[in-house]
Amino acid sequence: MNTNHVERAHSIHSTGRSCSTSVYQAFADVNRAGGTASAPRSIEGKCGALLAARQVLADMGVDAQDDLERRFRERFGHVRCDELLRTRFACGEFVVEAARLVDEYLGATT
């Protein structure tokens, strides 16, 4: 796992950036799209950190989006932002976990 991506995502988020932007921009150094494309916006009310993680994997040609979503749901119990906000977890934890999972998948493909 590249802790720099996880730390970078957390750092970006701590400046007030959205969950989606934080995860997407954290991977600009390895993302084929360069992290310059717009971070994904809410789809079906899903967590922005999760959507950005899915997009990074798609940009990198890693077919693990469904597995990533399954693991995120197992960890937090939900994938929809409104449901996640009612849990004991904070948004920063979703950002960190999404970045960690992307790193794990990217590490498995290199």
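Mentor: Of the 110 residues of this chain, 45% count as buried. The model is predicted, so local features need a pLDDT of at least 70 and side-chain atom pairs count only at pLDDT 80 or more, while totals for chains, interfaces and linings use all residues. Residues are numbered from 1 along each chain as its sequence is written, and side-chain values use heavy atoms, with hydrogens and water left out.

Trainee: What makes a residue buried or exposed?

Mentor: Buried means under 20% relative accessible area, exposed means over 50%, and partly exposed lies in between, with a 1.4 Å probe and protein chains only. Gln65 has 14%, so Gln65 is buried. Arg88 has 74%, which is over 50%, so Arg88 is exposed.

Trainee: How many helices and strands are there in the chain?

Mentor: The chain has 6 helices and 0 strands, and from the N terminus on its elements run α-α-α-α-α-α. Helices (H or I, at least four residues) and strands (E, at least two) are DSSP runs, numbered from the N terminus. Gln65 is placed in helix 4, Ala58 in helix 3, and Arg88 in the loop between helix 5 and helix 6.

Trainee: Which residues is Gln65 in contact with, leaving aside its neighbours within four places in sequence?

Mentor: Arg54, Leu57 and Ala58. Contact means heavy atoms within 4.5 Å. For the chain, among contacts between residues at least 6 apart in sequence, 58% join residues at least 24 apart.

Trainee: Why is helix 2 called roughly parallel to helix 3?

Mentor: The axes of helix 2 (residues 19–26) and helix 3 (residues 48–59) come within 7 Å and cross at roughly 30°. Angles under 35 degrees count as roughly parallel, over 145 as roughly antiparallel, 65 to 115 as roughly perpendicular and the rest as oblique, so helix 2 is roughly parallel to helix 3. The axes are lines fitted to C-alpha atoms, for helices over the stretch in contact, and the angles run from 0 to 180 degrees between N-to-C directions.

Trainee: Which residues of helix 2 and helix 3 make the contact?

Mentor: Helix 2 contributes Cys19, Ser20, Val23 and Tyr24, and helix 3 contributes Gly48, Ala49, Ala52, Ala53, Gln55, Val56 and Asp59. By class, this contact has 7 nonpolar, 3 polar and 1 charged residues. Here Ala, Val, Leu, Ile, Met, Phe, Trp, Tyr, Cys and Pro count as nonpolar, Asp, Glu, Lys and Arg as charged, and the others, Gly among them, as polar.

Trainee: What makes helix 3 roughly antiparallel to helix 4?

Mentor: The axes of helix 3 and helix 4 come within 9 Å and cross at roughly 155°. That angle is over 145, so helix 3 is roughly antiparallel to helix 4. The contact is made by Leu50, Ala53, Arg54, Leu57 and Ala58 of helix 3 and by Gln65, Asp66, Leu68, Glu69 and Phe72 of helix 4. These residues divide into 6 nonpolar, 1 polar and 3 charged.

Trainee: How do you know that two rings form an aromatic pair?

Mentor: Rings of Phe, Tyr and Trp (its six-membered ring) pair if their centres lie within 6.5 Å; planes under 30 degrees apart count as stacked, over 60 as edge-to-face and the rest as tilted. By this rule the count comes to 5 aromatic pairs.

Trainee: Why is the pair of Phe76 and Phe89 called edge-to-face?

Mentor: The ring centres of Phe76 and Phe89 are 4.8 Å apart, within the limit, and their planes stand at 85°, over 60, so the pair is edge-to-face. The pair links distant parts of the chain, 13 residues apart: Phe76 is in helix 4 (residues 65–76), and Phe89 is in the loop between helix 5 (81–84) and helix 6 (91–109). Phe76, at 5% relative accessible area, is buried, and Phe89, at 12%, is buried too. Phe72, Phe76, Phe89 and Phe94 form one aromatic cluster.

Trainee: What is noted about phi of Glu44?

Mentor: Phi of Glu44 is near 55°, a positive value in a residue other than glycine. Most residues other than glycine have a negative phi. Glu44 is in the loop between helix 2 and helix 3, and its 60% relative accessibility is over 50%, so Glu44 counts as exposed.
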